[in-house]
Amino acid sequence: MATTEVAPRPQVVRRRRPRPRRSWAFRPLLRRLHKWASLVVGVLLLVIVVSGVVVLFAPDLDQVTKPELYRATPTAHPVSFETALAAVNRVHPDFEATTVVRNRGIYDVWDKDFLRHAAVDPGTGHVLGTRNPTGGVIGFFLNLHECMLSCEGYTAYVPLMAEHTGIPWGFDGEQLTVAGLLLSLAGLVLLFMALSGLVLWWPGVKRFARGFVLRRGRGRYKRDYDLHKLAGFAALPFLLMWAITGTNFELRAVGDVWYGLLPGSAPAEAPPFASRAGDKPDIGSARAERAALAAFPDGRVTSVTFPDAKDPKAYYDVWLSHGVDPSRTGEWPGTVELAVDRKDPQRTAIIYGDNTTLPQKIWENWTYTTHYGQYVGWIPRSIWLLFGLVPLLLTVTGISMMLVKRRMRRARKLQRAAEAAAGG
């Protein structure tokens with residue numbers, strides 16, 4: 001009986017299908033929100049950020065354009081704050097000067113509205129000249145960046161921007177103005193775009209190196225896409241810092257969150273008492289300074305605001321640099337603010353700067369100066385300038401990518417229409 005051989009069944013080699021790369025379900029939605037947030041608020045955000053680049057160097061530009069205001073006489077015994085105030089009120093009685101600040105080698109004597117100031121030589125007590133920092137081009141950029149054109153007395157003031165919105169989210173229960181609402185919105189959108197950009201950039205742990213690749217010669221879209229991601233990631237610390245500190249200038253909730261998570265509390269920043277009325281003479285600036293230094297012996301007086309003689313409740317407002325002063329190179333140095341009774345030098349109270357915890361010191365003393373980079377000179381502050389221009393690059397690359405995708409969609413649509421016409 002013949003046997004038939006059964007051919008062996010061919011062995012089937014099953015190829016392992018590539019494992020698809022996991023993606024978070026909300027990533028497409030996040031990408032759309034990132035894009036539309038940049039489109040809707042992008043112009044406003046770009047105006048605020050780019051104008052801030054000019055504000056970064058406003059004090060330095062002032063010294064360059066008006067050097068005569070800073071030619072002080074070297075001396076180990078400068079004239080008193082009171083002498084500097086009297087000199088300005090004598091030469092410029094229209095100033096109604098009230099505040100004297102010692103910084104950058106001179107005395108800055110400000111008028112009651114803080115719109116003009118006069119420079120006084122601490123060596124001779126002579127008035128060197130005056131300037132209006134709220135006017136001109138610099139005043140415009142200050143008004144645009146810090147006030148969104150709502151600061152009265154500054155260049156390009158728009159009364160509508162100072163109108164209240166009825167939203168009680170400002171400091172001390174105050175309502176947000178139209179400008180405050182726009183600045184808050186811009187800060188929150190910048191925060192969202194920075195965080196969402198980080199999520200969209202994240203390539204994963206195993207592919208982490210791919211997040212730093214700039215593809216060249218692969219087309220305009222891929223080049224701009226990689227440049228957009230790289231620039232955004234490099235500037236992320238600065239973008240987050242500007243978003244948080246900038247929003248804090250308008251919304252009290254930002255500080256509430258900080259102190260809700262960390263030890264400490266925000267200062268009251270309110271007059272602690274009313275000066276005692278009576279027939280006692282005014283103690284004078286020198287005694288008020290000594291009273292402040294008695295509370296902080298290792299401090300240095302940086303400014304004095306003199307009380308209004310017509311207001312019996314007014315007091316001497318004294319600022320001191322105590323410990324590390326991050327604003328020492330700025331226009332308003334000082335870390336501690338004290339009130340001194342104009343009639344009784346033994347009666348003092350701390351208004352600002354009683355920072356007993358590290359979170360308090362960081363938040364109260366470093367927020368403003370970090371935002372503007374004032375604790376460093378103008379050369380290292382150029383880093384703020386560099387990263388301040390990154391949003392402009394992100395805008396250009398973002399628009400470029402959208403235009404390329406739009407052109408590609410239009411080309412595909414035309415191709416499908418041509419194929420449909422040919423088939424019909």
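Two strands are counted as paired where DSSP finds at least two bridges between them. Helices (H or I, at least four residues) and strands (E, at least two) are DSSP runs, numbered from the N terminus. In those terms, strand 1 and strand 2 form a hairpin with 2 residues between them, and Arg104 in its turn has a positive phi of about 50°.

The structure is a predicted model, in which local features need pLDDT of at least 70 and side-chain atom pairs count only at pLDDT 80 or more, whereas totals for chains, interfaces and linings use all residues. Residues are numbered from 1 along each chain as its sequence is written, and side-chain values use heavy atoms, with hydrogens and water left out.

## The sheet

Strands of a sheet pair through backbone hydrogen bonds, either parallel or antiparallel. Here 8 strands form an open sheet in the order 4-3-2-1-5-6-7-8, with antiparallel pairing. Strand 4 (127-131) and strand 8 (348-352) stand at the edges with a single partner strand each, so one side of each has no neighbour in the sheet. From one strand to the next, the twist averages 25°.

Two helices are described against this sheet. Contact means heavy atoms within 4.5 Å. Axes are lines fitted to C-alpha atoms, for helices over the stretch in contact, and angles run from 0 to 180 degrees between N-to-C directions. Helix 3 (residues 81-91) packs on the sheet and touches strand 1, strand 2 (106-111), strand 3 (117-120), strand 4 and strand 5, its direction making about 130° with that of strand 1. Helix 9 (residues 284-295) lies across strand 5, strand 6 (316-321), strand 7 (336-340) and strand 8, and runs at about 50° to strand 6.

## Strand pairing in detail

| Strand pair | Bridges | A bridge pair |
|---|---|---|
| Strand 1 and strand 2 | 6 bridges | Thr99 and Trp110 |
| Strand 1 and strand 5 | 3 bridges | Thr99 and Thr305 |
| Strand 3 and strand 4 | 4 bridges | Ala118 and Thr130 |

Strand 1 covers residues 97-103 and strand 5 covers residues 300-305. Val100 stands opposite Val304 in strand 5. A residue is called buried under 20% relative accessible area, exposed over 50%, and partly exposed in between (1.4 Å probe, protein chains only). Strand 1 is largely enclosed by the rest of the structure, because 5 of its 7 residues are buried.

Tyr107 lies in strand 2 and is buried, with a relative accessible area of 1%. Not counting residues up to four places away in sequence, Tyr107 touches a set of residues that includes Pro78, Phe81, Val100, Ala118 and Val120. The C-alpha atoms of Tyr107 and Thr302 are 195 residues apart along the chain and separated by 9.5 Å.

In a regular strand the side chains alternate between the two faces of the sheet. From strand 3, His117 and Ala119 point one way and Ala118 and Val120 the other way, and all are buried.

## Turns and loops

The hairpin of strand 2 and strand 3 has 5 residues between the strands. Phe114, in the loop between these strands, has a positive phi of about 55° although it is not a glycine. At 36% relative accessibility, Phe114 is partly exposed. The hairpin of strand 3 and strand 4 has 6 residues between them, and Gly125 in its turn has a positive phi of about 80°.

Ala156 lies in the loop between helix 4 (136-147) and helix 5. Its phi is near 65°, a positive value in a residue other than glycine, and at 35% relative accessibility Ala156 is partly exposed. Ala314, in the loop between strand 5 and strand 6, is buried, with a relative accessible area of 12%. The C-alpha atoms of Ala314 and Ala418, 104 residues apart along the chain, are separated by 82 Å.

## The second largest pocket

On a 1 Å grid over the protein atoms alone, a cavity is a set of points where a 1.4 Å probe fits but cannot get out, and a pocket is an open set with protein on both sides within 12 Å along at least five of seven lines; lining residues have an atom within 4 Å of a point. Grid points are joined across faces, edges and corners, and a volume is the space filled by probe spheres set on the points.

The second largest pocket has a volume of about 1200 Å³. It is lined by 35 residues, of which His34, Ser38, His228, Gly398 and Met401 are the closest to its centre. Helix 1 (27-56), helix 5 (178-201), helix 6 (220-234), helix 7 (236-248) and helix 12 (390-423) each supply at least two residues of this lining.
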